[in-house]
Amino acid sequence: MNPSEVVSSIEPKKKWFDVDLKGLWRYRDLYYMYIKRDIVTQYKQTVLGPIWLFIAPILTTIVYMFVFGGLAGISTDGVPQPLFYMAGISLWNYFNTCFGICSTTFAANAGVFGKVYFPRLVVPLSACTSNLVKFLIQFSMFVAIYVFYAFSGGFSANFGLVNELGWAAGLPLTVLVTIGLVLMVGLLAMSWGLIISSWTTKYRDLTFLITFGVQLLMYATPVIYPVSFAPESYRPYLEINPLTPVFEAFKFTLLGTGTFDLAGLLTSVIVLLVTLVLAVIIFNRTEQKFMDTV
């Protein structure tokens, strides 16, 4: 065969930061297929089907109301407990699910990765997207509860940014900020998950450590309590967590409680960018040789 007739060649990657953006676009159909698979097939052989997306957060909210709101007496800063807990649960579930899937990218897909080539980032990106759809479903339930309390007089609509800027400027900004915060949570989960997935191909013990660590991380994040409830001496430790200002801003934007710390959010953005770059570098390096260790 004449070398001039070769139309493509497969070569090993030589750069540390080498994202195949053209490949991601070329395999966009596979990306959509993974999204459809995650959404449709997960509950295909269950009795209740997608209803589990509503049942799980509702039961979790009831348990939190009984344990943390009732027995422990943790304050929700004047916000009805179902609203407060549902806001935190919906956002945390999105982070936890995205992180869990991304952190097992190599181990869970070794059989596919070893047989056919496609940009490996398709898998974690599709997982975060499909779980974004699930988040929107659960978030719609939060909106329904919000509307119920607003019309029943149990809680007046209290958007933090609207109170600060007025309806004309505050409402569009509320929508944009909410979308930005959700995307931040998804990207943080994906970047951390990709790093862990790369490490666990060689060090399997990390799987057990991370499973335990994520459970602790929830209690170090203001999901079921406001930062104002924590003693002053503990707040610096909470601020180390880059998820803290994101969850606080999320609740402030939608419920008017918590804080909107611009400095803390800027720090979280910096952490996100740094970890995302590291995740891509480590992921690309591991991608070249993970089949020898998985």
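I worked from a predicted model, in which local features need pLDDT of at least 70 and side-chain atom pairs count only at pLDDT 80 or more, while totals for chains, interfaces and linings use all residues. Residues are numbered from 1 along each chain as its sequence is written, and side-chain values use heavy atoms, with hydrogens and water left out.

Ring pairs. I looked up the aromatic pairs and found 19 in the structure, where rings of Phe, Tyr and Trp (its six-membered ring) pair if their centres lie within 6.5 Å, and planes under 30 degrees apart count as stacked, over 60 as edge-to-face and the rest as tilted. One of them joins W92 and F247, a tilted pair with 6.4 Å from centre to centre and 50° between the planes. Because W92 lies in helix 4 (residues 81-102) and F247 in helix 12 (residues 243-255), this pair ties together parts that are 155 residues apart in sequence; helices are DSSP runs of H or I with at least four residues, numbered from the N terminus.

Burial. I noted that W92 and F247 are both buried, which means under 20% relative accessible area, with exposed over 50% and partly exposed in between (1.4 Å probe, protein chains only). I then turned to F252 and F260, whose ring centres are 6.0 Å apart with planes at 45°, so this pair is tilted. F252 counts as buried at 13% relative accessibility, whereas F260 is partly exposed at 27%.

Cluster. I found Y94, F135, F139, F142, Y146 and F250 linked by ring pairs into a cluster.

Charges over rings. I recorded the charged end of R28 over the ring of W25, 4.1 Å from its centre, and that of R120 over the ring of F118, 5.3 Å from its centre; the criterion is NZ of Lys or CZ of Arg within 6 Å of the ring centre and within 35 degrees of the ring normal.

Notes:
Helices (H or I, at least four residues) and strands (E, at least two) are DSSP runs, numbered from the N terminus.
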